[in-house]
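Colleague: I am new to this structure and would like to go through it step by step. Please show it, and then I will ask.

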Amino acid sequence: MSSYQKELEKYRDIDEDEILKTLSPEELEQLDCELQEMDPENMLLPAGLRQRDQTKKSPTGPLDREALLQYLEQQALEVKERDDLVPFTGEKKGKPYIQPKREIPAEEQITLEPELEEALANATDAEMCDIAAILGMYTLMSNKQYYDAICSGEICNTEGISSVVQPDKYKPVPDEPPNPTNIEEMLERVRSNDKDLEEVNLNNIQDIPIPMLRELCEAMKRNTYVRSFSLVATKSGDPIAQAVANMLRENRSLQSLNIESNFISSTGLMAVLKAVRENATLTELRVDNQRQWPGDAVEMEMATVLEQCPSIVRFGYHFTQQGPRARAAQAMTRNNELRRQQKKR
């Protein structure tokens with residue numbers, strides 16, 4: 001038995017009730033305060049629950065944040081700064097380092113012909129940079145200087161070998177102009193089954209009311225001329241996905257559907273995928289880049305739909321699981337091969 005265990009043995013038969021009876025009220029109050037203390041090292045507890053409340057003063061009023069900040073700032077300004085152990089005078093000590101010149105041994109010295117010596121002595125920095133690149137001395141220059149000298153037949157390094165590489169200046173690319181589509185006019189053309197309307201593109205229009213999108217999907221059920229329907233980045237959610245699914249069950253002319261970059265969850269995507277099975281004209285479907293990952297079940301459903309729908313030859317989605325990805329790739333290869341054979345007939 002260790003000494004620590006022997007020390008604990010003498011407290012085994014102590015009667016706690018007898019000890020509590022002999023304590024005075026002041027000692028009982030102090031014991032109660034000690035028992036209220038909690039774990040001060042537990043960072044998961046709020047600060048007010050890590051130990052007992054030791055404040056004896058009564059509250060002076062509600063918290064005034066601005067007054068507290070002013071008081072702390074004033075206290076910080078009144079505190080005297082600590083003097084430096086060694087005051088700063090700005091004096092420079094020591095001597096600057098000068099690298100000694102290295103003398104080239106006689107056996108390492110190279111003697112060139114007078115014409116070459118004269119040509120190198122009169123060469124500019126740009127010409128020396130190109131010569132170094134031609135000789136393969138790529139460690140003396142940057143990658144940009146090296147490849148410019150190798151790939152170009154003219155002297156293009158005008159900075160010299162010891163220059164600092166400047167970043168390439170690229171032409172600014174202007175932002176993509178906003179979508180000029182008039183939603184009300186587009187809805188009327190879809191309702192009237194306009195034969196000149198083959199594409200409905202509402203990409204990047206983020207203030208379309210949900211009822212209007214539902215009316216558009218309802219009108220698409222009876223339209224026979226629209227071939228492409230795109231709702232990219234329109235903040236569409238599950239209600240719109242359900243409306244699109246209902247449209248796919250009745251429309252028999254749509255060939256391309258794009259609902260990427262929206263807020264559609266797994267429930268909405270599952271509804272669209274189930275509706276795709278009932279549509280035999282759709283050849284392209286894009287559902288990638290939703291706000292949240294749809295899950296394994298939706299990815300397995302995507303692979304199953306591609307296997308059961310040979311009409312789909314283009315599918316836009318980045319699979320995260322290896323199993324559905326392999327099944328989808330095999331199904332897409334088979335669907336494209338079937339389409340190629342149909343065109344030959």
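Colleague: Which residues does Ser-311 touch, not counting residues up to four places away in sequence?
Modeller: This is a predicted model, and Ser-311 lies in the loop between α12 (296-308) and β5 (314-316). Leaving out residues up to four places away in sequence, the residues that Ser-311 touches are Asn-279, Ala-280, Leu-282, Thr-283 and Arg-339.

Colleague: Is Ser-311 buried or exposed?
Modeller: Buried means under 20% relative accessible area. Ser-311 has 16% relative accessibility, so Ser-311 counts as buried.

Colleague: How many aromatic pairs does the structure hold, and what kind of pair do Phe-315 and Phe-319 make?
Modeller: The structure holds 2 aromatic pairs. In the pair of Phe-315 and Phe-319, the ring centres are 6.3 Å apart and the planes meet at 35°. Planes under 30 degrees apart count as stacked and over 60 as edge-to-face, so the pair of Phe-315 and Phe-319 is tilted.

Colleague: What kind of pair do Tyr-317 and Phe-319 form?
Modeller: Their ring centres are 5.1 Å apart, with 85° between the planes. An angle over 60 degrees counts as edge-to-face, so the pair of Tyr-317 and Phe-319 is edge-to-face.

Colleague: Which residues do the ring pairs link into a cluster, and are they buried or exposed?
Modeller: Tyr-317 has a relative accessible area of 13% and is therefore buried. Phe-319, at 7%, is buried, and Phe-315 is buried too. The cluster linked by ring pairs consists of Phe-315, Tyr-317 and Phe-319.

Colleague: What is the phi of Ala-233, and where is this residue?
Modeller: Ala-233 sits in the loop between β2 (228-230) and α10 (238-250). With 14% relative accessibility, Ala-233 counts as buried. Most residues other than glycine have a negative phi. Ala-233 is not a glycine, yet its phi is positive, at about 55°.

Colleague: What is the relative accessible area of Ser-261?
Modeller: Ser-261 is placed in the loop between β3 (256-258) and α11 (266-276). Its phi is positive, near 55°, in a residue other than glycine. Ser-261 is partly exposed, with a relative accessible area of 26%.

Colleague: How many disulfides does a search of the whole structure find?
Modeller: A disulfide is a covalent bond between the sulfur atoms of two cysteines. Among the cysteines, Cys-217 is buried at a relative accessible area of 2%, and Cys-309 is buried at 4% relative accessibility. The number of disulfides found in the whole structure is 0.

Colleague: Which helices each supply at least two residues of the nonpolar patch?
Modeller: The nonpolar patch on the surface is formed by Ile-110, Leu-112, Leu-116, Leu-120, Met-128, Ile-131 and Leu-135, with about 620 Å² of accessible area together. Ile-131, one of these residues, is found in helix α6 and is partly exposed, with a relative accessible area of 35%. The helices that each supply at least two residues of the patch are α5 (114-121) and α6 (125-134).

Terms used:
Residues numbered from 1 in each chain as written. Predicted model: local features only at pLDDT ≥ 70, side-chain atom pairs only at ≥ 80, totals over all residues. Heavy atoms only, no water. Disulfide = S-S within 2.5 Å. Buried < 20%, exposed > 50% of the residue type's maximum accessible area, 1.4 Å probe, protein only. Patch = residues over 30% accessible without salt bridge, like charges linked within 9 Å, V, L, I, M, F, W, Y side chains within 5 Å. Areas by Shrake-Rupley, 256 points an atom, 1.4 Å probe, with all protein chains shown as cover. Salt bridge = Lys/Arg side-chain N within 4 Å of Asp/Glu carboxyl O. Helix = DSSP H or I, 4+ residues; strand = E, 2+ residues; numbered from the N terminus. Phe/Tyr/Trp six-rings, centres within 6.5 Å; stacked < 30°, edge-to-face > 60°. Contact = heavy atoms within 4.5 Å.
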